[in-house]
Amino acid sequence: MFPLFGIMKSSEVASVYFKDFHVLLIGVICLATSIEKWNLHKRIALRMVIIMGVNPGRLMMGFMLSCVFLSMWLSNTSTAAMVMPIVEAVLQQIMNAEAVTDVTQNTMNGFTNQALELHEKESVMKKLEEKGQIELECCKEEIVKEKENEQMKQKNKGMNGYCPDGDIQASKVEPDEAMKEEAVSKYKSEKDHNLCKGMCLCIAYSSTIGGLTTITGTSTNLIFAEQFNMHYPECHCINFGSWFILVLPMTVIIMVLSWVWLHIIYFGFNFSKALEFRKEKSNREKASIKLIEEAYKKLGPMGYPEIVTLTIFCFMAILWFTRNPGFFPGWFNLFPQYKGFATDSTVALLLGILFFILPAENPASVLKKRGEKEYTTLITWKEFQSCMPWEISLLVGGGFALAKGSEVSGLSLWVGSKLEPLGTLPVWVIVLVSCLIVTSVTEVASNPATITIFLPILVALSEATHINPLYLLIPSTLCTSFAFLLPVSNPPNAIVFGYGHLTVMDMVKAGLGVNIIGIVVVMIAISTWAIPLFDLKTYPSWAQDLRNATIP
């Protein structure tokens, strides 16, 4: 529409649709594609959980640490989609172990079981166990199956509409009664249900929290970095290293406080069990750790493609961090005559291309089988295309075009002039109001769309009120990711909600607390260690002063 109304030429609009952001995104997706293809993410997640232990509180922390680390480098959606199947398998194993424990305890205490055959099998199991002729686990699984079958038979007695496949005809049973019966049969106790809720929510929230840490962690961070560099090309203060130093402490604090909040809601105030690493484990813990260890063993030893992917990943992170960290000279300074030529996207694209070149097998075996087997690389273009979020690329390109049009047409100056009266308010109030507005909108709109809409307005607001733009833009960008309230707020929420353990009110109750934690931590950070890091108290020379600007 810009060319149609004479705001910008078609060539000018098209040129902003593919920026530095897109090249950086391509390199990151190359890395993410290889990580997913060779199951490096599963190895990292399972190893983290094994180290942390399987007590419900520690298990939650273990999965949160895994998700936070993975979402720093992968998309939040991919992280949640990868880890949730592992979590679901662990939850089912824990609940089955609890059922076996109850059966065993009832037998030891002298309780009679209504199913005589089941009681006999328990006695046989004990005798065979003493003789060492069978494994305990096999019989326990058989007991659980028999017990579930007996309960199902008793539950279905007297029901007129019993189908051969075990489903109950909807016409014969009231919907409310069916839902109640399903809830009772799905979870043995409220403790099991709370365990499932807490684990699901911790995956959704930590997948989002981890993405805050790096520029490449979320699309909102990337959009902010690109739009900021487009508005202020003379400022080189936003890069991978400076952002990481600023946000890493926030991520750690938000993650720990979110863990405390979820632990209080679903596991109570007793943190002693989660914090003590006792040698003796319960049956639930033994069952879950066994499942996790078996899943880890199935991965086998680290193969050649995993080692190469991990090496490139580490090398990419090091080059990003040391390009221009700010507190020591980076490799960026080795090319003083080409200042501004090399960016984070340079590193991403250079190393990302290697995934299409390096072989998926050990070079020695490739040379031996030369001519016998087709040469395969770590990833293929088809695999890359399946992971590349082209819709995000177009959405972000449209946002860049919108921002450029607002600048060329003078809309930014006009909006800024209308916002000048806000300059009489304290800075922290302006920042807090901006964070609250952005957080509210992002609950019902996509994060990329929210940041695309608000960034030009916030830039004009900061210039009109003579506030360092970073003072306003950084906290607002971070708060755009705080979409924790609803299943539709962001993809990780929708993924965990789809497993059926949560209701909307569960997410609202827990998400409201995490939202408040996030906003408070961001406000504290932007008022403390962020000030000396970016000199936020000083209005920079690279920013326009709208107080002296004329509106066209």
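Mentor: Buried means under 20% relative accessible area, exposed means over 50%, and partly exposed lies in between (1.4 Å probe, protein chains only). This is a predicted model, in which local features need pLDDT of at least 70, side-chain atom pairs count only at pLDDT 80 or more, and totals for chains, interfaces and linings use all residues. Residues are numbered from 1 along each chain as its sequence is written, and side-chain values use heavy atoms, with hydrogens and water left out.

Trainee: Is Asp-506 buried or exposed, and at what relative accessibility?

Mentor: Asp-506 forms a salt bridge with Lys-197 (a side-chain nitrogen of Lys or Arg within 4 Å of a carboxyl oxygen of Asp or Glu). The pair links distant parts of the chain, with Lys-197 in helix α9 (residues 190-211) and Asp-506 in helix α24 (residues 504-527); helices are DSSP runs of H or I with at least four residues, numbered from the N terminus. Lys-197 counts as buried at 13% relative accessibility. Asp-506 counts as buried because its relative accessibility is 8%.

Trainee: How many residues apart in sequence are the parts that Glu-306 and Arg-43 tie together?

Mentor: Glu-306 forms a salt bridge with Arg-43, and their closest N and O atoms are 2.8 Å apart. Glu-306 lies in helix α14 (residues 304-322) and Arg-43 in helix α3 (residues 40-52), so the parts tied together are 263 residues apart in sequence.

Trainee: Which residue forms a salt bridge with Glu-383?

Mentor: Side chains of opposite charge can pair when their charged atoms come close. Glu-383 is partly exposed, with 26% relative accessibility. At a distance of 3.1 Å between the closest N and O atoms, the salt-bridge partner of Glu-383 is Lys-37.

Trainee: What distance separates the end C-alpha atoms of helix α18?

Mentor: Helix α18 has 20 residues (390-409). The expected span of a helix is 1.5 Å times one less than its number of residues. For α18 this should give 28 Å, which agrees with the separation of its end C-alpha atoms, 28 Å.

Trainee: Which residue follows α18?

Mentor: Within α18, the buried residues include Ile-392, Val-396 and Phe-400. The residue after α18 has a positive phi, near 90 degrees, and is Gly-410.

Conventions:
Helices (H or I, at least four residues) and strands (E, at least two) are DSSP runs, numbered from the N terminus.
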